Amino acid sequence: MAAASLAASFMVSAAMPAVAWAQTKWDLPTAYPDSNFHTQTLRWFADEVRRATGGQLDITLHSNASLFKMPEIKRAVQTGQVPAGEILLSAYGNEDPVFEADAIPFLAAGYPAARKLYEAQKPLLEKRLADQGIRLLYSVAWPGQGIYTKREITQVGDFRGIKFRAYNAATARLAELLGAAPTTVQQAEVPQAFATGVVDAMITSGATGVDTKAWEFSKFYYDTSAMHPRNAVMIGERAWRRLPEEVRTSVLEIAAKAEARGWAESERIAEETKKTMGQNGLTIVTPPDALMGDIRAVGRTMIDEWVKKAGADGQKIADALK
């Protein structure tokens, strides 16, 4: 469905009287495939909302960037083209550095630190999104990020000149500091980008590696667990206010459960996806100390840069992690 017709149908449904809420249907876009745990959590959320509200709110999930590409989703929610959507928060780091805190390498490595980061970041996120007419429903972390390459990497100098997939400003900066050439590629386009030589390496989770069948275009996975970027499910404030109070209560309760479910699933698949990649022929590498030390040094540079860019709020988040 075209974005214009979506907006029209949404405006019609929003104008309907309260007695007609049983016929309300919402479109919710996400960039990730049906097999991804984020999408599965989102589908669970939509099913539970439908069940809990007796069909008053019927959410149709549009996966794999079939309705909007990921960089377009936040704007679509903000302008009312769709009432709700899921984004990768750090993709909007150029808009505000607070959005990309979870994508800064080694600022919060490992799940305990990632949860602590979320706690510190959440009120700041909610304030910024509220200023844009958006309400945060829930946010879930990806498994720790590792580096995929076509050729073996033994020292940081081996990255020099490699075409490195970037999916946000932070990964583009990481590529630059490693000496690689950043190239923006969305997840749905990753296999083709590797196959055509657009990129030779990337940093992402094991979940994405399985979703894209990374073993078909890459040879090595370096398990750095550098960061845990998060997805966020959000709703436009205008759409939110049009919901009956009892429906809003149900949505918030189910969103909290979806968030807990998503984090648990993320932790569960963290090791499982690495095992799957190894079984399919990808070489899983624990980086040698020297290489890991150099990558962490890059991370320290990025942390310092990010705190300076984010100002007082960045310092507040960094202090919370000490």
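At what angle do helix H5 and helix H10 pack? In this predicted model, H5 (residues 169–178) and H10 (residues 289–320) pack at about 130°, and their axes lie 10 Å apart. Angles over 145 degrees would count as roughly antiparallel and 65 to 115 as roughly perpendicular, so H5 and H10 are oblique to each other. Their crossing is right-handed.

Which residues make the contact? From H5 come Ala170, Arg173, Leu174, Leu177 and Leu178, while H10 brings Val298, Thr301, Met302 and Glu305. Sorted by class, this contact has 6 nonpolar, 1 polar and 2 charged residues.

## The largest cavity

Now for the empty space. Rolling a probe the size of a water molecule over the atoms shows where such space is left. The structure holds 3 cavities of 30 Å³ or more, and the largest cavity has about 130 Å³ of space.

The largest cavity is lined by 14 residues, and the closest to its centre are Tyr32, Leu88, Arg165, Tyr167 and Gln187. Its lining divides into 7 nonpolar, 6 polar and 1 charged.

## The second largest cavity

The second largest cavity holds about 40 Å³ of space. Its lining is made of Trp26, Leu28, Phe45, Leu57, Ile59, Ala84, Leu137, Ile235 and Val251. Strand S1 (24–29) and strand S2 (57–62) each supply at least two residues of that lining.

What classes of residue make up the lining of the second largest cavity? There are 9 nonpolar residues, with no polar and no charged ones.

Technical notes
Residues numbered from 1 in each chain as written. Predicted model: local features only at pLDDT ≥ 70, side-chain atom pairs only at ≥ 80, totals over all residues. Heavy atoms only, no water. Axes fitted to C-alpha atoms, helices over the stretch in contact; angles between N-to-C directions. Helix = DSSP H or I, 4+ residues; strand = E, 2+ residues; numbered from the N terminus. Parallel < 35°, antiparallel > 145°, perpendicular 65-115°, else oblique. Left-handed = near helix turned anticlockwise from the far one by under 90°. Contact = heavy atoms within 4.5 Å. Nonpolar A, V, L, I, M, F, W, Y, C, P; charged D, E, K, R; others polar. 1 Å grid on protein atoms, 1.4 Å probe; cavity = no way out; pocket = protein on both sides within 12 Å on 5 of 7 lines; lining within 4 Å. Points joined across faces, edges and corners; volume = space filled by probe spheres on them.
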